[in-house]
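Biologist: I would like a close look at a single part of this model. Please take me through the place where the two chains meet, and then show me how the partner chain is built.

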Amino acid sequence: MSDIFKPVTDIMQTKIPIGSWVEGFIFFLRDNLETFFDNLTEGIDTVIDGMVDLLLFIPSPLLILAFAGLAWFLSGRRIALFTLLGLSLIFNLGLWGATMETLSLVTVATSISFLFGMPLGILTARNKMANNIITPLLDFMQTMPAFVYLIPAIMLLDIGVVSATFATVIFSMPPTIRLTSLGIRQVPEELIEAAEAFGSTPRQKLFKVQLPMAMPTIMAGINQSIMLALSMVVIAAMIGAGGLGGLVLRAISRLKVGMGFESGLGVVILAIILDRITQSLGKRNKKNT
Amino acid sequence: MPKVVIEKLFKIFGDHPEKALKYLEEGKSKEEILTKTKQAIGINNVSFSVDEGETFVVMGLSGSGKSTLIRCLNRLIEPTGGKVFIDGEDITTMDKNALREIRRKKLGMVFQRFALFPHRTVLENAAYGLEIQEFDTAEREKKAQEALELVGLKGWENNMPDQLSGGMQQRVGLARALASNPDILLMDEAFSALDPLIRKEMQDELLDLQKKMNKTIIFITHDLDEALKIGDRIALMKDGEVVQIGTPEEILTNPANEYVEKFVEDVDRSKVLTASDVMKAPLPLLMLKDGPRVALRRMKENGLSSIFVVDKEGTLKGVVLAEEALAAAEKGEKTLDSILLTAVPRVSNDTPVTDLLPTIAESKLPLAVLDEDNKLKGIIIRGSVLAGLAGQMGKGGTADV
Ligand SMILES: Nc1ncnc2c1ncn2[C@@H]1O[C@H](COP(=O)(O)OP(=O)(O)O)[C@@H](O)[C@H]1O
Ligand SMILES: [Mg+2]
């Protein structure tokens, strides 16, 4: 009886070497694109370091006022007040340097997400085949546990802030792609017809009608990407991101509740400020464009 | 030369149009084909031509293929078969660039739900067509401004579309179509989304504008009143086919088949218009005692070719024609006796308008409208019947078909 099933169980017990395939692929990338990854590391490193240096060079009270002013201009008095108090508290807790490091990493990671995510979103909206390939990839990127990205990131880029940025970008890019695509697809058919009836080229249609109309949705995507990037700070710190995440990580390893809470609070304050400001950016867009 | 010519146009929605075409040849109905082949017939073998300066109305029930037809004219929808000529050029075989040029230079389109760009000001909306043709800012704003003034929107340039009422939004839509000065306007139920009163106003304005601009207009509507009022000719569609093409009078008096008849009947039944609703004041009039010279002068002053004659009580006595009055005056006759025609086409003031149509179609003279005492109450000339029919819409709402 059991003999009948033997060939089947034999086949089922032969492990499919998915792991080795992925390893092979990553090794291939590392060996063949070494200079590329080296240059990339150096470039991103320079940008993040430069940004941190700049933010720390400006006297912190001045910077706090500047941030509050920006918040006022973009989202009104309440958020401005919150920014003022929140950043002052961060300063008071001695988290200023770490917060600026985190802010720099999140800003750079989100900018990269935006830079790649928006064109990919546009492509997905306009091309059915691209959509069929990219959409499942995005599902994959979002459901794969974020820790897993750390391994190839380290292998390709070495431990440090750049591999942390890389992992953060991979983890936070999907909403920008998805919502850019959604925003474009949501533009009413009759407006597309109108644009075409007057003789728009596909480019003109994109830049004069689709993107402006999709802007609020795209902004919502960027907002989500920023929030995801912030949620990655602790994981990113495991491969050398430093910043607030680094402090949390240290607090965990030393079981220091107070320090952990304070650093966590720093992340929360930063998150709220960035969230409210980018949200109102989207709303402004809706009103003005 | 005709401006737009459509030859044997077909549009079949679906992946296997050839199956549907085969069944169409066998004379199967639209519904049968849909259930058998899952192919939807949009346009079924439509041919017609539209002259330069003509307002051509396409009318039919919802789903009869009007929007599909008008979209085949600028290839927003790709026809499955047939040809569309604009100024003698077949646009169905054009490449993208040539087609884009035609859309930019020759075709302006106005949409049922306005389709304004909500993120652009009124001026920027009107300037869209010029902007994508890369006119410089000053020039395109000047032209857009002119178009906005033409449709009565001076002073609203910097508003956003959603700050405007529906009627005003559609004026922006019209200005956007007019700004690049195309020869042809495609209007897909352009006024259907508007309130009856606003709609009537827009119709009147379109007629006014058309007098000045002399565009070739292809106007879609599901409303017979609108079609009668605006159209030089009307094409009636059913299930993707054109069932009749003709002037408003031809459609009303000679419905080609039961379908058209029902369409026309529907409208008439919905209103009880009588002769007195559509008549005009019978001025000027001639008294029985007047001579041929007076008759001539009155007709000349008023640009008429005939004039009605009444007695002191206002009872109709007859009609005098200009050429006969001239002959009599030259002969030196002093009275109207020899030239007074008593066989005047006459109707009573409560005759339904529908019954007037055959009489008026046959008669060269205006109809005399009399009350029960044979007193002349008014006259009816050809145009006023149609105007009366169409004008009813503003008062009583539309015949929703
Ligand atoms: N994109 C489409 N796919 C399938 N069928 C369509 C499509 N567009 C229109 N049709 C069908 O074609 C017919 C004509 O539609 P349409 O031109 O919109 O009519 P109208 O404008 O006269 O109301 C209808 O039966 C409709 O269901
Ligand atoms: Mg329609």
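Modeller: What follows starts at the contact between the chains and then moves into chain A.

Keep in mind that this is a predicted model. Start with the residues that touch. Chain B brings 25 residues to the contact, and chain A brings 18. Next comes the area. The size of an interface is often given as the accessible area lost when the parts come together. Here chain B and chain A bury about 1900 Å² between them. Carbon and sulfur atoms hold 61% of that area.

Now look for charge pairs. There are 2 salt bridges between chain B and chain A. One salt bridge joins B:Arg71 to A:Glu193. The closest N and O atoms of B:Arg71 and A:Glu193 are 2.6 Å apart. Polar contacts are counted separately: 8 residue pairs, both residues at pLDDT 80 or more, link chain B and chain A in this way.

Which parts of chain B do the touching? Four elements each supply at least two residues: helix 4 (96-105), strand 6 (107-110), helix 6 (128-132) and helix 8 (166-179). Helix 6 of chain B gives the largest share, 4 residues. Sort the touching side of chain B by class, and you get 12 nonpolar, 4 polar and 9 charged residues.

Turn to chain A itself. Chain A has 14 helices and 0 strands. Its C-alpha trace spans about 75 × 65 × 40 Å along the principal axes.

Pick out one pair of helices in chain A. Helix 6 covers residues 96-126, and helix 7 covers residues 128-143. Their axes come within 6 Å and cross at roughly 120°. That angle makes helix 6 of chain A oblique to helix 7 of chain A. From helix 6, the residues in the contact are A:Leu120, A:Leu123, A:Thr124 and A:Arg126. From helix 7, they are A:Lys128, A:Ala130, A:Asn131, A:Ile134 and A:Thr135. By class, this contact has 4 nonpolar, 3 polar and 2 charged residues.

Helix 7 of chain A has another link to follow. A:Arg178 forms a salt bridge with A:Asp139, and their closest N and O atoms are 2.9 Å apart. A:Arg178 lies in helix 9 (residues 161-185) of chain A and A:Asp139 in helix 7, so the pair ties together parts that are 39 residues apart in sequence. Over all chains, the count comes to 34 salt bridges.

Note on methods. Residues are numbered from 1 along each chain as its sequence is written. Chains are lettered from A and ligands numbered from 1 in the order in which they are written. This is a predicted model: local features need pLDDT of at least 70, side-chain atom pairs count only at pLDDT 80 or more; totals for chains, interfaces and linings use all residues. Side-chain values use heavy atoms; hydrogens and water are left out. Axes are lines fitted to C-alpha atoms, for helices over the stretch in contact, and angles run from 0 to 180 degrees between N-to-C directions. Angles under 35 degrees count as roughly parallel, over 145 as roughly antiparallel, 65 to 115 as roughly perpendicular and the rest as oblique. Contact means heavy atoms within 4.5 Å. Ala, Val, Leu, Ile, Met, Phe, Trp, Tyr, Cys and Pro count as nonpolar, Asp, Glu, Lys and Arg as charged, and the others, Gly among them, as polar. Buried area is the accessible area (1.4 Å probe) that two parts lose on being put together, summed over both. A salt bridge is a side-chain nitrogen of Lys or Arg within 4 Å of a carboxyl oxygen of Asp or Glu. A polar contact is a pair of N or O atoms within 3.5 Å; within protein, one must be able to donate a hydrogen and the other to accept it, and residues adjacent in sequence count only if both atoms are side-chain atoms.
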